[in-house]
Amino acid sequence: MEAPFEGPADVTLRIGPVLVDVADDHTISTIGYNGASPGPLIRLKEGKTVTVELINETDAPEFVHWHGQLVAAAVDGAAEENSLVVPARGKLRYRLTPQPAGLRFVHSHVVAGADLHRGGYTGQHAPVYIEPANDPGRYDQEVFLTTHEWEPFFTGQEMEEGEEHEEQKEEKEKTEAGEEKPNGWEVGYRLFSINGRALGHGEPIRVRQGARVLFRILNASATENIKLALPGHRFLVVALDGNPVPTPKLVDVLRLGAAERIDAIVEMNHPGAWVLGTPRDDDRKNGLGVIVEYAGSRGDPQWVAPPRKSKWDYTIFGGGRPAPKPDQVIPMVFGKINGGKGGFNRWTINGKTYEDQGEPMKLQKGLRYRLAFDNRTDDAHPLHLHRNVFELTSVDGRPTAGVMKDVVVIRGFGRVDVDFTADQPGLSLFHCHHQLHMDYGFMQLFDVV
């Protein structure tokens with residue numbers, strides 16, 4: 001039994017203090033992987049078992065979560081699943097078999113609570129690409145981009161950007177009618193980066209005219225849902241959360257909830273130097289962007305706002321067979337207990353915070369379950385199910401099929417149905433990937449038996 005753990009590990013992650021030069025005159029002191037943030041790209045082969053060594057050089061225990069992978073609960077990296085912990089000033093070794101193929105990532109999964117120097121607020125994240133057995137490679141250049149925010153602070157203002165539907169506005173008005181106390185704390189940020197550098201700092205992405213560039217983009221934010229655009233270009237979305245979509249589509253703007261990933265091909269047919277960044281002016285000025293520079297281009301990088309009516313809709317990427325009927329539907333209603341000024345909001349699933357739910361919900365191995373999400377709050381939530389990939393079957397009343405994900409953003413007062421087959425035995429955690437929401441009640445534990 002000890003033989004697989006002898007000798008050098010295939011993957012080593014060293015958790016420790018790092019200095020991130022986000023801008024030429026601005027260095028962030030945080031915790032990262034292997035001396036950097038984001039950590040180095042981890043490339044694995046689908047189905048080829050690897051030995052992983054985790055070395056914790058900090059004074060606090062850590063959990064390293066292999067987000068989006070179908071791995072055993074013991075190595076998934078979540079306390080709620082009774083995963084193995086990386087002890088403070090200690091080491092941990094185990095084996096895992098990477099699957100499925102596609103863009104995944106690894107990140108800290110500790111409770112941060114009111115500590116903005118823990119968990120997702122730190123630099124503990126790194127892209128993971130699991131190479132498929134066969135990759136058609138219909139692109140000329142591959143670029144990995146990881147977005148993140150720095151210098152978080154608590155604020156009483158709503159930080160979330162959103163486009164409200166008419167029904168959402170009506171529900172919000174009903175909710176706020178006669179209610180004078182404000183929501184509890186939100187998290188804001190002073191600085192933004194892509195691949196650890198703010199816009200205008202670091203090297204540009206250099207491309208040549210006529211090239212097909214495959215962007216593999218990870219939103220490694222603790223709390224932010226973001227948009228990205230590239231003036232004069234469109235994105236052909238070919239995969240969501242690492243999973244190929246049935247119907248690739250061209251879009252002007254990408255939307256990524258916290259922890260979502262998008263693979264998109266861009267035809268480089270508009271020479272110049274351009275800013276690939278967020279349409280939000282303040283956030284772009286504070287760093288959320290990167291320069292894309294054509295060979296031989298001259299002049300300063302340009303930004304042009306995308307079309308105002310650019311729409312993002314998961315269902316446009318669906319197709320093929322209708323989703324089969326589930327064996328069981330599990331209603332999941334999301335609520336918010338207002339924290340009020342100076343307090344933290346609490347989040348509930350079917351009227352209970354995680355602490356009040358008691359025993360994990362039992363699921364029968366092999367059955368197909370439909371999680372019927374009903375958001376009774378005005379917040380958009382990036383919803384994540386550990387150790388599984390689910391199929392979107394309905395988004396705000398629009399039926400769909402074939403779009404496979406592990407995170408889905410549900411808009412304020414929205415409804416989304418997702419189906420999955422309970423074929424991963426043991427504990428699986430469901431939660432909102434917004435760190436503040438997860439830490440204050442927005443979790444549910446399933447047990448597949």
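**View 1. What lines the largest cavity, by class.** The lining splits into 4 nonpolar, 10 polar and no charged residues (Ala, Val, Leu, Ile, Met, Phe, Trp, Tyr, Cys and Pro count as nonpolar; Asp, Glu, Lys and Arg as charged; the others, Gly among them, as polar). This is a predicted model, where local features need pLDDT of at least 70 and side-chain atom pairs 80 or more, while totals for chains, interfaces and linings use all residues. Numbering runs from 1 along each chain as its sequence is written, and side-chain values use heavy atoms, with hydrogens and water left out. A cavity here is a set of points on a 1 Å grid over the protein atoms alone where a 1.4 Å probe fits but cannot get out; lining residues have an atom within 4 Å of a point. The volume is about 120 Å³ (space filled by probe spheres set on the points, which are joined across faces, edges and corners). Of the 14 lining residues, His-107, Ser-108, Gly-120, His-433 and Gln-435 are the closest to the centre.

**View 2. The second largest cavity.** It holds about 60 Å³ of space. Its lining includes Trp-185, Glu-186, Trp-347 and Tyr-440, and by class comes to 5 nonpolar, 2 polar and 1 charged residues.

**View 3. Phe-430 in the largest nonpolar core.** That core (buried Ala, Val, Leu, Ile, Met, Phe, Trp, Tyr and Cys joined through side-chain atoms within 4.5 Å; buried is under 20% relative accessible area, 1.4 Å probe, protein chains only) has 67 residues, and Phe-215, Phe-373 and Phe-430 have the most contacts inside it.

Definitions and conventions:
On a 1 Å grid over the protein atoms alone, a cavity is a set of points where a 1.4 Å probe fits but cannot get out, and a pocket is an open set with protein on both sides within 12 Å along at least five of seven lines; lining residues have an atom within 4 Å of a point. Buried means under 20% relative accessible area, exposed over 50%, partly exposed in between (1.4 Å probe, protein chains only).
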